[in-house]
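Hi,

Here is the structure I promised to pass on.

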Amino acid sequence: AGIFVFGVGISIRRGLKQTFLTGLLLAMFLATAAYGLWTFSPKFKARFEKAFAMTDVRLVMWQDSLDIIRDDPALGSGPGSYRWMYPLYKNAYKTPYLYPRFAHNEAIHIAVELGLVGLVLAALIVAILTLRLLLLACRTAQDDLAFASAGVLGALMASTAHAMFDYTWHIFSNVHVLAMLG
């Protein structure tokens with residue numbers, strides 16, 4: 001996701017036709033690279049098979065987490081409360097000894113702890129940052145600044161895509177690196 005957004009972010013300065021062509025070529029390249037890695041790299045394939053197996057666990061965790069959101073939809077259960085609230089709502093997730101600290105989905109985790117108000121505010125922050133980086137990449141006369149803003153935009157999009165399946169924004173160093181890039 002990050003490489004795709006970076007490439008499109010760089011090419012957007014050259015016009016819509018160039019942007020579309022770059023996006024298409026990058027999508028084809030990334031799909032070919034993923035297929036090649038899947039076919040010829042046992043380590044890559046094993047890692048993704050393990051991740052796909054974990055999806056079942058995440059889906060039931062998300063299902064239980066939605067019950068927490070239903071009880072406090074506006075303001076949530078409070079910052080840092082997920083690890084304490086989840087055991088009270090654990091129905092679909094049947095592993096008796098495992099009580100996760102994170103929802104493995106930042107949007108759901110934010111909604112549990114900070115409610116829909118917090119989720120909208122977080123989405124607004126990401127949207128404003130995305131728009132500002134995109135406008136900077138498009139409008140600046142300096143190529144190096146456009147290149148840097150497209151790179152940060154790519155990093156933000158990669159981090160956001162990863163955050164939908166993990167708790168990447170709860171890892172202190174990840175957020176700091178993203179902030180330093182910005």
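You will find His 104 in the loop that links helix H4 (82-89) to helix H5 (106-139). Its backbone is worth a look too, as phi of His 104 is near 60°, a positive value in a residue other than glycine. For context, most residues other than glycine have a negative phi.

Before going further, please keep in mind that this is a predicted model.

Now the overall picture. The protein chain has 7 helices and 0 strands, so along the sequence the pattern simply reads α-α-α-α-α-α-α. Its C-alpha atoms fill a box of roughly 55 × 40 × 25 Å, taken along the principal axes. Of the 182 residues in the protein chain, 32% count as buried. As for contacts in the protein chain with a separation of 6 or more, 60% come from residues 24 or more positions apart.

Next, the helix packing around H1. Two packed helices are described by the angle between their axes and the distance between the axes. I looked at two partners of H1, namely H2 and H6.

Take H2 to begin with. Helix H1 (residues 2-11) packs on helix H2 (residues 16-40) at an angle of about 160°, and their axes are 8 Å apart. That angle makes H1 roughly antiparallel to H2, and the crossing is right-handed. On the H1 side the contact is made by Ile 3, Phe 4, Gly 7, Val 8 and Ser 11. H2 contributes Gln 18, Thr 19, Thr 22, Gly 23, Leu 26, Ala 27 and Leu 30. By class, the residues in this contact of H1 with H2 are 6 nonpolar, 6 polar and no charged.

Then H6. The axes of H1 and H6 come within 7 Å and cross at roughly 150°, which makes H1 roughly antiparallel to H6. H1 passes H6 in a right-handed crossing. Here H1 uses Gly 2, Val 5, Phe 6, Gly 9 and Ile 10. They meet Ala 146, Phe 147, Ala 150, Gly 151, Leu 153, Gly 154, Met 157 and Ala 158 in H6. The contact of H1 with H6 divides into 9 nonpolar, 4 polar and no charged residues.

While you are at H6, have a look at Asp 144, which lies in that helix (residues 143-163). Asp 144 is exposed, with a relative accessible area of 60%.

Finally, charge pairing. Side chains of opposite charge can pair when their charged atoms come close. How many salt bridges does the count come to? It comes to 1 salt bridge. The side chains of Arg 70 and Asp 67 meet in a salt bridge, at 2.5 Å from N to O. Both sit in helix H3 (residues 42-71), and because they are 3 residues apart there, about one helical turn separates them. Arg 70 counts as exposed at 56% relative accessibility, whereas Asp 67 is partly exposed, with a relative accessible area of 27%.

Cheers

How values were computed:
Residues are numbered from 1 along each chain as its sequence is written. This is a predicted model: local features need pLDDT of at least 70, side-chain atom pairs count only at pLDDT 80 or more; totals for chains, interfaces and linings use all residues. Side-chain values use heavy atoms; hydrogens and water are left out. Axes are lines fitted to C-alpha atoms, for helices over the stretch in contact, and angles run from 0 to 180 degrees between N-to-C directions. Helices (H or I, at least four residues) and strands (E, at least two) are DSSP runs, numbered from the N terminus. Angles under 35 degrees count as roughly parallel, over 145 as roughly antiparallel, 65 to 115 as roughly perpendicular and the rest as oblique. A crossing is left-handed if the near helix is turned anticlockwise from the far one by less than a right angle, and right-handed if clockwise. Contact means heavy atoms within 4.5 Å. Ala, Val, Leu, Ile, Met, Phe, Trp, Tyr, Cys and Pro count as nonpolar, Asp, Glu, Lys and Arg as charged, and the others, Gly among them, as polar. Buried means under 20% relative accessible area, exposed over 50%, partly exposed in between (1.4 Å probe, protein chains only). A salt bridge is a side-chain nitrogen of Lys or Arg within 4 Å of a carboxyl oxygen of Asp or Glu.
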